[in-house]
Amino acid sequence: MAHEAIHTDANDPQNVTNPEHAQHHIVTPLQYTYVFATLLFFTGVTVAAAYVDLKWANPVIALAIACFKAVIVILFFMHVAYQSRLIKMTIGAGFFLFLVLVTMTMTDYISRSWGLW
Amino acid sequence: MDSTLATPHPHETVLHAEHEHVVLPQHRHHFETEEQQREAGSFGMWLFLLTEIMFFGGMFFAYLLYRNWYYPAFAVASNQLSVPLGAVNTAVLISSGFCMAIGVWAAEVRKRGVLVVMLILTTFFGLIFLGVKADEYHEKYELHHIPGSSFSTSMFVNPAAYGIKEEPLSPDMAQKTQIFFFLYFAMTGMHALHMIIGIVLLFWLTWRAHRGDFSAGYVAPIENFGLYWHFVDIVWLFLFPLLYLINRHPLH
Amino acid sequence: MGLSPVLWQFMVKWLHASALFPAEASGISPYVDALYFFLLLMTVVGTALVAVLLLVFSIRYRREKNPVATQVEGSTLLEATWTIIPLAIFLVTFVWGALLYFRIYNPPANAMNIYVVGKQWMWKAEHPGGQHEINALHVPMGQPVQLTMISQDVFHSFSIPDFRIKREVIPGRYSTVWFEATQAGTYHLFCTQYCGTQHSGMVGTITVLTPDDYKKWLQQSTSGMSLAQNGERLFASMGCNSCHSGNAAARGPNLAGVYGAKLTLTDGSQMLVNDAYLRDAILNPSQHVTAGFAPIMPTYQGQISEDGLIDLVEYIKNMQSNYRVQQTQVTAESDLAAPTTPPQGTNETVKP
Amino acid sequence: MSAAIGNTILSLPDQATAQIPKRNYINNEHGLLSWLLTGDHKRIAILYLISITFFFFIGGAFAGLIRLELLTPQPDLVAADTYNKFFTMHGIIMIFLFLVPSVPATLGNFLIPIMLGAKDLAFPKINLLSWYLYMIGGTLTLAALVLGGVDTGWTFTTPLSTHYLNTHVITAATAIFIAGFSSIFTGLNFIVTIHRMRCPGMTWFRMPLFVWAHYAASLLMVLGTPVLAIALVLVALERLFGIGVFDPTKGGDPLLFQHLFWFYSHPAVYIMILPGMGVISEVISTFSRKRVFGYTAVAFSSVAIALFGFFVWEHHMFIMGVSNYSALVFSLLTMLVAVPSAIKIFNWAFTLQKGSITFETPMLYAFGFMGLFTIGGLTGVFLGSLGMDIHLTETYFIVAHFHFVMVGGMLMAFLAGVHFWWPKMTGRMYPESLSKLAAVTTFIGFNLTFLPQFILGYLGMPRRYHAYPPEFQVLNVLSTAGATVLGIGYMLPMLYLAWSLKYGAIAGDNPWQATGLEWQIQSPPLTENFLETPIMDHEAYDYEWLTNKTKKEVTTVG
């Protein structure tokens with residue numbers, strides 16, 4: 001028909017059908033078990049830490065542990081450690097935008113008490 | 001890359017080094033290769049999870065704001081949540097996620113039996129989680145801690161009458177516990193809703209896995225559902241410390 | 001702008017007379033209009049530039065004249081030009097607009113204060129002398145007037161186009177705006193924030209009087225009780241004076257002269273006592289406990305109307321000593337049947 | 001048909017022998033179900049085109065009623081609450097059911113896979129699902145309308161929407177929630193398709209700018225919409241249970257709702273305009289026979305708009321009680337987001353330079369877009385500037401501003417696109433002189449409607465007013481008169497496009513001699529778009545490639 005396919009070398013470096021491809025990787029059950037144990041261990045740690053009065057450090061520790069747990073779930077249970085940069089950037093974009101929402105809105109709430117005009 | 005659309009797809013699709021090539025019935029016509037289809041699916045799932053991050057993000061932000069504004073109310077109200085139940089539920093959910101992960105592995109190495117068992121275990125732990133959650137909700141109902149017209153602040157204004165060792169809140173601050181409980185119900189409720197949707201999908205996937213749909217190298221649905229399920233886990237990994245732990249003054 | 005004042009006056013008057021331009025009736029108006037004309041010029045020049053480019057290229061390079069296009073990739077220099085020049089203009093606009101914003105929302109120290117309560121669907125103005133007005137506001141010419149405004153229900157917005165001012169009237173929080181009227185006359189007052197069914201009926205009239213006329217108006221319209229006097233009665237009837245008596249052993253802090261002071265709260269933070277603080281401290285006392293006092297004050301949320309709060313704020317603002325407090329304490333004990341809210345609105349000009 | 005050097009590039013095949021291709025996506029299958037259950041992106045695009053046109057005319061009818069009421073200063077046509085329902089419905093329908101899906105869901109759906117050399121979007125079933133979600137959202141909106149209407153305004157301002165109105169707020173919120181997911185799925189599909197389905201040789205910088213613009217808009221859809229969804233969920237919960245996250249009397253902050261709402265709804269403005277900008281890039285290039293000036297700058301400015309678009313939402317709340325310090329920050333960022341739009345305008349203008357320009361209907365609409373969008377964009381700077389915003393916000397100035405951007409910009413671009421790709425979508429041409437008349441009518445009517453509103457705004461006439469002081473009447477009458485002309489301008493394409501479906505001239509594969517991949521295939525295209533996967537071996541907008549290709553074809557045939 002009207003379309004004329006122009007055949008060039010199939011190994012053209014310009015061929016970008018699949019540039020963001022990552023080799024498929026299978027995580028073994030043993031690795032999963034390590035991750036599982038780590039998650040359970042840190043759940044224990046975070047509960048224990050909540051019963052010790054560390055003033056301002058309590059929420060910081062709890063959130064740090066939660067972030068750590070989330071990161072290992074993302075990296076191993078969700079296989080991101082073995083994924084392409086595209087997927088990593090996608091996740092990064094999500095958390096980045098969440099931080100934008102929080103920080104930009106907080107510019108309003110934090111500075112409201114600075115003074116009335 | 002010679003493409004031949006008219007013929008059914010004799011693609012050189014390397015799935016895994018150790019397996020032979022197969023042309024799968026699940027391959028949709030508009031994808032060039034099996035691998036392209038699989039990666040498109042997983043990327044699409046990730047983008048969907050991105051929207052979920054922002055969806056929960058709005059509530060997390062509201063929580064952050066009001067916790068800063070009404071810290072005493074949030075502390076006292078948070079103390080009404082049971083840490084042991086929350087911790088058990090966290091462990092249950094992590095176990096569920098672990099089973100799901102093993103399930104994905106089983107699908108990838110084509111062990112049908114293991115996959116089915118793991119999916120059932122995933123469902124089982126998910127249901128336990130929901131059961132515990134329902135029990136917690138029920139307790140809140142009995143204590144009149146469900147926001148709305150029947151909400152009562154008397155426990156926070158006069159804790160001694162309820163045998164609770166807490167500093168009483170002044171009435172204006174006690175009112176703000178309702179905001180805590182609203183956010184508690186909104187966030188855990190939204191999380192539970194995601195779990196319920198997940199469990200419905202699990203039933204369907206278990207049935208298909210039992211039929212053998214995922215034991216011949218076609219694992220995308222299992223993998224993508226795994227992503228969803230782990231995401232729901234992650235939400236809880238944040239909800240647990242935020243709601244149950246960080247406002248808690250140490251219990252002596 | 002290098003415009004001569006005469007030319008400016010001429011232009012503005014002419015535009016106003018053609019009903020294309022609002023009156024310049026406040027001290028701030030010329031400043032706003034200057035920025036407006038600058039931006040208008042930017043828009044006209046910008047649009048004209050685009051239009052001329054389109055026109056000239058369309059004529060010069062139309063197909064009949066230029067049958068074959070010459071391919072051009074682009075030009076970094078040109079890209080930089082039309083990145084930097086608009087950016088520079090926009091930044092100038094930002095700075096100019098920010099300065100103007102400060103000027104509009106920063107009241108001078110000598111501004112007289114009038115309270116405004118917005119509710120569905122009317123404006124209620126309360127002068128410190130106790131004069132109440134509905135959907136109307138009388139102000140003197142040549143005197144900065146600050147409005148302390150609050151909404152009883154939803155967001156409203158207090159807008160006087162001829163003064164070029166506007167401020168959202170927020171539920172649960174005071175907001176302020178100020179102006180200095182420069183021309184006697186009457187002007188439109190609009191609610192510009194959509195606030196429900198009768199939104200377009202929430203309009204009023206601003207009457208600017210000469211200082212003499214204003215004095216006359218104040219005398220004619222007085223209700224006999226100033227806001228502070230109303231506040232004093234409320235203070236007694238709500239039992240505030242039993243704790244805030246000013247005695248050394250009182251359970252509540254001494255309120256005399258507290259307005260404008262810096263308070264240290266129990267959590268160690270420093271707070272400036274202003275109208276907003278006083279209002280909040282009555283409604284949410286537990287978040288505003290002065291250092292050295294126990295958090296025993298009950299909340300008055302839902303028990304006092306915004307008008308009552310304004311009376312109390314005005315009373316505490318003007319409280320120089322505790323003499324009257326102690327007097328009212330005696331009165332209140334002898335007169336327990338006092339009404340919980342003071343009679344108000346005795347000379348409201350319009351009934352809703 | 002065309003003379004050696006005529007004033008048109010339109011080249012239609014010999015009408016005596018030409019036929020619509022025997023096999024194409026329209027006649028590939030028959031019956032209503034084959035449309036309702038289709039996975040074909042082109043058919044879904046047509047479904048969308050029909051449904052958004054339907055909602056456009058409903059929304060337009062409300063606009064007409066609003067203008068009719070404002071003909072006189074007195075509240076004489078309808079009661080105040082009815083008027084409020086009119087503008088609420090006008091807003092909800094036009095924004096969520098017309099502008100957001102307009103170009104992406106119709107033209108984008110139809111063209112993105114073809115432009116990338118793919119056979120379909122990555123997820124055809126999700127694409128169909130998104131149309132169904134849209135229809136459910138639309139039906140619920142109509143249900144809210146029929147059941148008695150909703151009068152929150154499209155912004156759902158709390159606490160008005162949560163505690164003070166007894167209309168169908170939850171129905172409308174649910175409708176928007178569901179329509180929002182339709183938009184999320186469309187965006188998700190586009191992003192995956194653009195990343196994963198490009199044909200061999202189609203590098204990022206060989207993609208048409210239309211695709212770039214949709215990529216940027218899709219990012220906004222995917223990332224912004226869920227925040228609107230959660231804000232509406234919270235409003236619904238607050239209405240149902242009376243708890244006060246947004247209620248100041250219970251300790252909530254009503255501004256929190258606005259933060260969440262505008263966090264989506266400002267980027268939504270770019271969701272609406274970016275795809276339109278993509279259309280303009282294609283049209284301007286084709287009708288000046290020239291590669292878009294500064295391709296890379298235009299591509300990156302789309303992405304820059306998407307990125308900066310997330311940092312400026314608070315400028316909708318400058319006078320609403322936000323902190324003055326953060327207002328400063330947001331005002332500054334707002335100034336920055338205006339720059340990429342300026343870059344685009346100038347690049348388009350310079351695309352014309354040294355081109356070989358013809359003035360077919362799509363080009364007329366594109367010129368209209370350039371002028372009106374410039375005015376719309378520059379008047380946005382008024383509103384981004386803090387001090388000026390105080391006087392102008394919540395008046396007719398802002399109404400005029402966003403109608404210049406949305407109607408003068410986006411609707412012009414949409415019509416440019418529909419006219420440009422109509423021959424591709426249907427295989428037939430519309431009557432050229434009538435369509436030029438429509439384009440000019442629209443332009444005149446539009447200016448007559450909305451230019452007076454700028455003046456009204458500076459005079460201080462508040463928006464959403466049902467009755468107004470009599471001195472504003474003259475300008476309002478002008479505006480209503482303009483709206484009548486505008487209405488005719490919009491009815492015309494409806495009529496002649498419908499007419500052309502049966503009687504239009506056969507368009508042939510490439511009536512505009514354009515370079516995009518979509519023009520190298522038959523019109524209307526095959527269900528699978530390409531007989532064999534194309535290989536992209538040239539840059540976008542490469543007219544020399546097209547000339548060589550045509551020559552080659554002629555020699556081969558000859």
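Predicted model: local features only at pLDDT ≥ 70, side-chain atom pairs only at ≥ 80, totals over all residues.
Biologist: How many residues has helix H15 of chain D, and what does it reach?

Modeller: Helices (H or I, at least four residues) and strands (E, at least two) are DSSP runs, numbered from the N terminus. The expected span of a helix is 1.5 Å times one less than its number of residues. H15(D), residues 432-459, has 28 residues and reaches 41 Å from first C-alpha to last, close to the 40 Å expected.

Biologist: Which order do the strands of the open sheet in chain C have?

Modeller: Two strands pair if DSSP finds at least two bridges between them. Here the order of the five strands is S3-S2-S1-S5-S8, with mixed pairing. Strand S3 (132-134) and strand S8 (175-180) are the edges, each pairing on one side only. S5(C), residues 144-151, pairs with S8(C) in the antiparallel sense over six bridges; C:Leu147 has C:Val177 as its bridge partner in S8(C).

Biologist: How many residues of chain C are in contact with chain D?

Modeller: Contact means that C-beta atoms, placed from the backbone, lie within 7 Å. By that rule 75 residues of chain C are in contact with 75 residues of chain D. H3(C) gives the most to this side of chain C, with 18 residues.

Note on methods. Residues numbered from 1 in each chain as written. Chains lettered and ligands numbered in written order. Contact = placed C-beta atoms within 7 Å.
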